[in-house]
Amino acid sequence: MAKYYDVHPDNPQARTIGQIADSIRADALVAYPTDSCYALGCRLGSRDGIDRIRTIRKLDDRHHFTLVCQDFAQLGQFVRIDNDVFRAIKASTPGSYTFILPATKEVPRVLQHPKKKTVGVRIPDHVVTQALLAELGEPLLSSTLLLPGEEEPMTQGWEIKDLLDHVLDGVVDSGDCGTEPTTVVDFSGGEAEIVRHGAGDPSRFE
């Protein structure tokens, strides 16, 4: 059964954020809000979490998982970025974008695209997510909470609790968040390629 965490959207309770972070460190899989929509998240090294996300979303091994990072300094530990790409991403973060980039050796192989050796990274503009990332001190391994056969991600914490109570360990609810996933920009080939149009304005990369 998933534990339900009611978190204030503007002033997240430090004690509750600490409890969520502790559960993630203990291998919990949680649903949490972002600046684009709800996501599934677990700790970076959680093989069980990865397997459970794949099962819930029915994903194959070509799916790009995302490392949700607190800031640019943290993001830079996990991906390789040249100067031009650095400037483009820096100007767009925090925000509703996911960037696909070559992974560094800090990224577990199981998270990387099997052929391209790439990984998705993002820095969200969301108070609660930022508080959780600060408490964790490392990225959240994440995937959009978009269930098989559905066209839109789930947006309400109580609905997620009702539907996925048996497969999640926690649901973080801080009110409404967006209904659109992030805009995904693939920089792995050196040039910006928009893979998915979403919540972030894609025109700056077109």
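# Briefing: fold, salt bridges and surface charge

V184 has a relative accessibility of 9% and counts as buried (buried is under 20% relative accessible area, exposed is over 50%, and partly exposed lies in between, with a 1.4 Å probe and protein chains only). The model is predicted, and local features are reported only at pLDDT of at least 70 and side-chain atom pairs only at pLDDT 80 or more, while totals for chains, interfaces and linings use all residues. Residues are numbered from 1 along each chain as its sequence is written, and side-chain values use heavy atoms, leaving out hydrogens and water.

**Overall build**

- The protein chain contains six helices and 10 strands (DSSP runs numbered from the N terminus, helices being H or I with at least four residues and strands E with at least two).
- With a radius of gyration of 16 Å, close to the 17 Å given by the globule rule for 206 residues, the protein chain is as compact as a globular protein of that length (the radius is taken over C-alpha atoms, and the rule is 2.2 Å times the number of residues to the power 0.38).
- The C-alpha trace spans about 45 × 35 × 30 Å along its principal axes.
- Of the 206 residues in the protein chain, 54% are buried.

**Salt bridges**

- Seven salt bridges are present in the structure (each is a side-chain nitrogen of Lys or Arg within 4 Å of a carboxyl oxygen of Asp or Glu).
- One of them joins the side chains of D35 and R122, with an N to O distance of 2.3 Å. D35 sits in the loop between β2 (30-32) and β3 (39-43) and R122 in strand β6, so this pair ties together parts that are 87 residues apart in sequence.
- Both ends of that pair are covered: D35 is buried at a relative accessible area of 19%, and R122 is buried at 5%.
- Another salt bridge pairs R52 with D169, whose closest N and O atoms are 2.9 Å apart. R52 belongs to helix α2 and D169 to the loop between α6 and β8 (170-173), and the pair links distant parts of the chain, 117 residues apart.
- D169 is partly exposed, its relative accessible area being 30%.
- R52 and D169 also belong to a network of salt bridges that includes D48.
- D165 and K161 form a salt bridge through their side chains at 2.8 Å, N to O, and both residues are buried.

**Surface charge**

- A patch of negative charge on the surface is made up of E150, E151, E152 and E180. Patches consist of residues with over 30% relative accessible area and no salt bridge, with like charges joined within 9 Å and nonpolar side chains (Val, Leu, Ile, Met, Phe, Trp, Tyr) within 5 Å.
- E151 is exposed, with 78% relative accessible area.

**Backbone geometry**

- A cis peptide bond runs from T93 to P94, with omega near -5 degrees. P94 is placed in the loop between α4 (83-90) and β5 (97-102).
- K58 is not a glycine, yet its phi is positive, at about 55 degrees. This lysine, K58, is in the loop between α2 (47-57) and β4 (66-68), and K58 is exposed at a relative accessible area of 66%.
- K117 likewise has a positive phi of about 55 degrees without being a glycine. K117 occupies the loop between β5 and β6 (118-122), where K117 is partly exposed at 34% relative accessible area.

**Positions and separations**

- V184 belongs to strand β9, residues 183-186.
- P202 is in the segment after β10 (193-196), and P202 counts as buried with a relative accessibility of 16%.
- P202 and R52, 150 residues apart in sequence, are 31 Å apart in space from C-alpha to C-alpha.

How values were computed
Accessible areas come from the Shrake-Rupley method with a 1.4 Å probe; for residues, only the protein chains shown count as cover. Lys and Arg count as positive and Asp and Glu as negative; His and the chain ends are not counted. The place of a charge is taken as NZ of Lys, CZ of Arg, CG of Asp or CD of Glu.
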